[in-house]
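Have a look at the model first, then try each task before reading its solution.

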Amino acid sequence: MKIFNTSQIRELDAFTIRNEPVSSADLMERAADQLMRWYMRKFDRSSRVLLFCGPGNNGGDGLALARLLSANRYDAEVFFVSISGRTSDDWNHNFRRLEKETSVRFNTIGNIENFPFIGSDDVVIDAIFGSGLTRPSEGLAKQVIDKINKSDSIIVSVDIPSGLFGDDNSSNNSEGIIRADYTLSFQFPKLCFLFPENSGYTGEWHVLPIGIDSNAIRETDTPYDFVETGYVASLLKKRGKFDHKGNFGHGLLVAGSYGKTGAAVLGARAALRTGIGLITCHLPRCGYQVIQTSVPEAMASVDANEFITTKIVSADLFDAVGIGPGIGTDAATQKTFHDLLSGKPKHLVIDADGLNILGLNLNWLELLPPGTILTPHLKEFERIAGKTGNSFLRLERQAEFAAKHNCIVVLKGAHTSIATPHGKIYFNSTGNPGMATGGSGDVLTGMILALLSRGYSAEEAAVTGVFLHGLAGDIAAAKSGQESIIASDIIENTGYAFNKISNGN
């Protein structure tokens, strides 16, 4: 699913109106109908519905929703937040219909003394500002937003929480933004929904289709994509009847050190569950018996050193190399990491201590082979790319970094972002907080290594690996709950995740 900026969304709306053709009022009616359907699935008729509507088209959506809710026997009441002397044409259209077709109570809030009592059992519909807002809320609007936020009621925002900018909130005022429990976004998620600092405003967000022209969506360029099952299914390679293990690649995993051999075990098991033909683990002597007994399907390349990695076998022997989980940052390990980079392996994924070593030797970034995949969490990314003020600026930094170093940056988080050298950024749609557990990143490294070894391009391996990893975690959570997930659960559910993707679920 494409993600567009706010100006593009306006253009897509306008294109749909001109070319379907459909009137803007009828497009608003579609949106209100979707809102009403969602609301009826979620809430019964026992609660009052208080709709706070601004003077623009977001307020028009709220007026149309009030009319439809009334027609379906909900107790709806409208509160018009009068912050300007003008209202939009579609607002006026829906106001006339509300007056003519319903007995919904309509109240005007001209100053904060007119603000109504909100009971804890009431449901608030926030339709004050839409995604076109370009400056922080102020005056009466900010006062109303503050009052709504201080209520104990459930808050549902129409399209976007009022006061939140659709893209970059660097200059916004957090005090003037609705803190919704649910946000119902039309046709696409907003870019700002995918940033962690905005989750307290959006709550649980849902995308409602309103029939925006599919040709316009297809032909409008955007660097942002929200990855869904259908796209990943189109990337999966099918196994042939006469294929053998040689067709599925041989990967080298450089992982583990004294006390951290588990990183190698998890990475190797994940690679095997992701369909790699052969996996060789290079690790210190102290890890030899562990890897051979824990992962009998894996081969071992044993370092001369008892505790750390000091010399790696030739990367030319392998289809892809994964390095970093649990290897430490000892000087001898740093040297062998440098030697690996200098040898330009065909396909490479770097995680954990591999990224920390790069952070200690930033000039080595120039040695990254083209298409290298880096899988940092936030702190690891800051070590190699520097700190930024917020997620929007970090996303820009991520894109710049990927382009500058001709690599793919997988910045791990709730909606992991994957930046490619040519400017494309994918946001992942799978995964859950239960996956925030030790070893989860080692599992992702093994998955991506397997996909690279199997012949997936770096971009395909990153997108597919991240989606598969998150989906396996979701399946694990469905079985036993988020609180009890461990990294091995992700591995054990990888096969089920493959099946769900293949079946289009």
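Helices (H or I, at least four residues) and strands (E, at least two) are DSSP runs, numbered from the N terminus. The model is predicted, so local features need pLDDT of at least 70, side-chain atom pairs count only at pLDDT 80 or more, and totals for chains, interfaces and linings use all residues. Residues are numbered from 1 along each chain as its sequence is written, and side-chain values use heavy atoms, with hydrogens and water left out.

**Exercise 1.** Find which elements each supply at least two residues of the lining of the largest cavity.

Solution. Start with the residues that line this cavity: Leu35, Trp38, Tyr39, Leu65, Ile125, Val156, Val158 and Leu184. Lining residues have an atom within 4 Å of a point on a 1 Å grid where a 1.4 Å probe fits but cannot get out. The largest share, three residues, comes from α2.

**Exercise 2.** Work out how the rings of phenylalanine 80 and phenylalanine 106 are arranged.

Solution. First, recall that a pair of aromatic rings is described by the distance of the centres and the angle of the planes. Rings of Phe, Tyr and Trp (its six-membered ring) pair if their centres lie within 6.5 Å; planes under 30 degrees apart count as stacked, over 60 as edge-to-face and the rest as tilted. The structure holds 21 such pairs. Here the centres are 6.1 Å apart and the planes at 25°, so the pair is stacked. Finally, phenylalanine 80 lies in β3 (residues 76–81) and phenylalanine 106 in β4 (residues 105–109), so the pair ties together parts 26 residues apart in sequence.

Conventions: 1 Å grid on protein atoms, 1.4 Å probe; cavity = no way out; pocket = protein on both sides within 12 Å on 5 of 7 lines; lining within 4 Å.
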